[in-house]
Amino acid sequence: MPPGSIPVLLIEDTPSLARVYAEYLKKESHAVISVETGADALAQLNDGAPMVVLLDLQLPDMNGMEVLKRIDSQALPCAVIVITAHGSVKAAVEAMRYGAYDFLVKPFSADRLVVTVRNAMERLRLAQLVDTFEKDLNRARYHGFIGSSLAMQAVYRIVDSAASSRATVFITGESGTGKEVCAEAIHRQSQRASRPFIAINCGAIPKDLMESEIFGHVKGSFTGAVSDREGAAARADGGTLFLDEICELAPDLQTKLLRFIQTGTFTPVGGSKLEKVDLRIVCATNRDPLREVEEGRFREDLYYRLHVIPIHLPPLREREDDVLEIARHYLAEFAKEEKKGFTRFSPQTEHALRHYHWPGNVRQLQNVVRIVAVLHDGDTVTPEMLPPPLGTPQPLHVPVTAAAPAGAAAAPRPHVPLSPDAIKPLWEVEKDAIEDAIAACDGNIPRAAALLQISASTIYRKRLAWQAEGKL
């Protein structure tokens, strides 16, 4: 098939007409394959679906509708245009019911055929594009991530785009949002997937040992260096080096890391030989890197070297129903691990999980589900099984001046007339009620929300709005 040509299968049992139609289409750079029987057509379709099928209904060995039904039942990715000299409304309706794009009645002009084929190809391209978008927007699993929310679909698309590049990726997000999972996804989606993925937590290693951890050392370079040791940079050669909590790096090591990124070379601690590696750097932090730069704790030039492709992982509270997808996944995993019978969450439990703030994000949710699986049993997780602070909130202890007799009705609230000057705007009354509830709950917003009988997300949203307007 000529490069750039579009395959068209022409099923026509009249050789003279087949040659005419083929000439019409060759002017449009279509590669036409002509067959005269239904059996030959099915054999061609088995070898690979063309983009367009021109199908005559009156074939010597079968009715062309049988070919159309085969294409429809196998969901072949091609547009079918039915052509026949015996046009009828009934035949057209049946053809459309089995997925035909259009119905041409012989004789027809060259322009009519060319325009119909062109429109069929455009429709097929659009359908394939929609299928691609639907596939991208409905991913509930992605290289270790769980979640189908729009916020995570955006993350998946950025990873897809960034993976093929050599550019440095800078991941930000709160603790527990899955920054290392994201780094591994970038590595596994890239051409370096078969090479090593080496992760270092810059905040978990003593500063005196950090340089050796990244670049390695030679024997005798410092006390305890009893032999040569290969660093993470050398071990990640050809693959990916992930530097978690990058903002924890000491200033002098930031300078050496900057040079390493610029040149791809380094010298082990105590060594004299310059070594060169080919790797990709992915880094992450739960801080605001720009604030770290502004306050002098992180080098500005290093920041711009690292912050080439930014990815921000949304907190769990902004991921819609992902919390339930993740919770169900871990419930099945931990129930199997602990040999428990849990299979589901009760609706009340799902409501509690969905509306909790999750300051510890996915890591906290994982721990909550594990605690339930270890300490309880049954087939359904109920709210009473959830550990604090997700359990049913305790009522506020309001001091009472005198105990009312049992069964006595509450005393009516006395009506105190207000002057017009004492009336507050409704938003201010609402703000005071919310802030008073938060203060009474010692800052526990989910508990305050439960007592106010609203969702915690409503409180967060309103407080952000008040803060943006300078009202908080």
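Two rings of Phe, Tyr or Trp are counted as a pair if their centres lie within 6.5 Å. In this predicted model, the count by this rule comes to 11 aromatic pairs.

One of these pairs is formed by Phe145 and Tyr156, with 6.1 Å between the ring centres and 40° between the planes. The pair counts as tilted, because planes under 30 degrees apart count as stacked and those over 60 as edge-to-face, with the rest tilted. Phe145 belongs to strand β7 (residues 145–146) and Tyr156 to helix α6 (residues 150–163), so the pair ties together parts that are 11 residues apart in sequence. Phe145 has a relative accessible area of 4% and is buried; Tyr156, at 0%, is buried as well. Together with Tyr142, Phe145 and Tyr156 form one aromatic cluster.

Tyr330 and Phe334 form a stacked pair, 5.5 Å from centre to centre and with 10° between the planes. Both residues lie in helix α13 (residues 322–338), where they are four residues apart, about one turn of the helix. Tyr330 and Phe334 are both buried. The ring of Phe334 also has the charged end of Arg370 over it, 4.1 Å from the ring centre.

Asp56 is listed by UniProt, in an unreviewed entry, for "modified residue: 4-aspartylphosphate". In the model, Asp56 is part of strand β3 (residues 52–56). Its relative accessibility is 3%, so Asp56 counts as buried. With neighbours within four places in sequence left aside, Asp56 is in contact with Ile11, Glu12, Asp13, Gly64, Ile83, Thr84 and Lys106.

Methods
Residues numbered from 1 in each chain as written. Predicted model: local features only at pLDDT ≥ 70, side-chain atom pairs only at ≥ 80, totals over all residues. Heavy atoms only, no water. UniProt positions renumbered as here; feature names shortened; annotations may be inferred. Helix = DSSP H or I, 4+ residues; strand = E, 2+ residues; numbered from the N terminus. Buried < 20%, exposed > 50% of the residue type's maximum accessible area, 1.4 Å probe, protein only. Contact = heavy atoms within 4.5 Å. Phe/Tyr/Trp six-rings, centres within 6.5 Å; stacked < 30°, edge-to-face > 60°. Lys NZ or Arg CZ within 6 Å of the ring centre and 35° of its normal.
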